[in-house]
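Visitor: I have a model open and want to go through it. Where do we start?

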Amino acid sequence: MEDRNQQIPSGTRRRRAAPVLPTPTAPLRDQVAASLRHALIVGDFEPGEVLSAPGLAAEFGVSATPVREAMLDLAQEGHVSPIRYKGYRVTDVSAETRRQVIQLRTLIEIPLMGDVAERGVADELLERCRGLAEQSVVAAVDGDLIRFIELDMDLHLSLLEQAGNDIAVKHVRSLRSTTRLTGLKALAEQQQLEFTAREHVELVEAVAVQDRDRTEEIMRRHLGHVAGVWAGKSE
């Protein structure tokens, strides 16, 4: 019987991606799905590429069952489309879809993050977010893109949750997964990713001093990278 709480080994390597870091409290299906989403975001899988559950299972070092379950989740989210008897094809994200995603994220995240800064957050969360921000800079310097995406997601959603709008957090999480940040690899290779990653540190400090205007300005600049250099385009 499949162990739903089995962990992905920390040394597992996936194609061109960095090692998968397990989340001990999450079911294996969710761990695999999250790892694949991160790989899709940074461009480890090309649009049109066909993925098979047995092949991915071998790379993860797990059985095919949780991988098949994870692929069903990704198919429902529109990341892949099923191909009879072959597996799943990676879907493309059009320029128009990217534009709409950024537009929605701008409308949701900037004002809510301003609210979070204005109200203030607990010291314990601030210290945790400072740690996440610093770790994201280290990951950027090291070129560990999967880890960078994980930390970026954790930091932004942890702060956004303080706005008290669970629906907004749910939709932002989904919108972030739709993003394709194919420019990260080039930035890391050119040792340029660190400079934009340091905005995470700036963001946390702006929230710490309850500076709404500064927080919103940093968020606006940060989202500009998602549509710009992080996506391999000029800003």
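Guide: With a definition of residue classes: Ala, Val, Leu, Ile, Met, Phe, Trp, Tyr, Cys and Pro count as nonpolar, Asp, Glu, Lys and Arg as charged, and the others, Gly among them, as polar. The model is predicted, so local features need pLDDT of at least 70 and side-chain atom pairs count only at pLDDT 80 or more, while totals for chains, interfaces and linings use all residues. Residues are numbered from 1 along each chain as its sequence is written, and side-chain values use heavy atoms, with hydrogens and water left out.

Visitor: Fine. What is the class make-up of the lining of the second largest pocket?

Guide: That lining has 6 nonpolar, 3 polar and 5 charged residues. On a 1 Å grid over the protein atoms alone, a pocket is an open set of points with protein on both sides within 12 Å along at least five of seven lines, whereas a cavity is a set where a 1.4 Å probe fits but cannot get out; lining residues have an atom within 4 Å of a point.

Visitor: How much space lies in the second largest pocket, and which residues are closest to its centre?

Guide: The second largest pocket holds about 160 Å³. It has 14 lining residues, of which P47, D92, R98, R180 and T182 are the closest to the centre. A volume here is the space filled by probe spheres set on the grid points, which are joined across faces, edges and corners.

Visitor: How many cavities of 30 Å³ or more are there?

Guide: The count is 1 at that threshold. The largest cavity contains about 100 Å³ of space.

Visitor: Which residues line the largest cavity?

Guide: Its lining consists of I41, R105, I149, D152, H156, R176, T179, L181, H222, V226 and W230. By class they split into 5 nonpolar, 3 polar and 3 charged.

Visitor: Which helices supply at least two residues of that lining?

Guide: α6 (145–160) and α11 (212–227) do, and α6 gives the largest share, 3 residues. Helices (H or I, at least four residues) and strands (E, at least two) are DSSP runs, numbered from the N terminus.

Visitor: And the secondary structure of the protein chain, how many helices and strands?

Guide: There are 11 helices and 3 strands. In sequence order the pattern is α-β-α-α-β-β-α-α-α-α-α-α-α-α.

Visitor: Back to the lining. Is R176 buried or exposed?

Guide: R176 is buried, at 6% relative accessibility; buried means under 20% relative accessible area, exposed over 50%, and partly exposed in between (1.4 Å probe, protein chains only). R176 is in helix α7 (residues 166–178).

Visitor: What is R176 in contact with?

Guide: Leaving aside neighbours within four places in sequence, R176 contacts I41, R105, E109, D152, M153, H156 and L157. Contact means heavy atoms within 4.5 Å.

Visitor: Where is E109, then?

Guide: E109 sits in helix α4 (residues 95–119). E109 counts as buried because its relative accessible area is 2%. With neighbours within four places in sequence set aside, the contacts of E109 are L160, V172, R176, M219 and L223.

Visitor: What else does L223 touch?

Guide: Not counting residues up to four places away in sequence, L223 touches I102, R105, T106 and I110 as well as E109. L223 belongs to helix α11 and is buried, with a relative accessible area of 4%.

Visitor: Changing topic: which residues touch the most other members in the largest nonpolar core?

Guide: V67, M71, F148, L184 and L193, out of 67 residues in that core. Helix α6 contributes the largest share of this core, 10 residues. A nonpolar core is a set of buried Ala, Val, Leu, Ile, Met, Phe, Trp, Tyr and Cys residues joined through side-chain atoms within 4.5 Å.

Visitor: Last one. Where is Q191?

Guide: Q191 is in the loop between α8 (184–189) and α9 (193–197). Q191 has a positive phi of about 60° although it is not a glycine, and at 63% relative accessibility Q191 is exposed.
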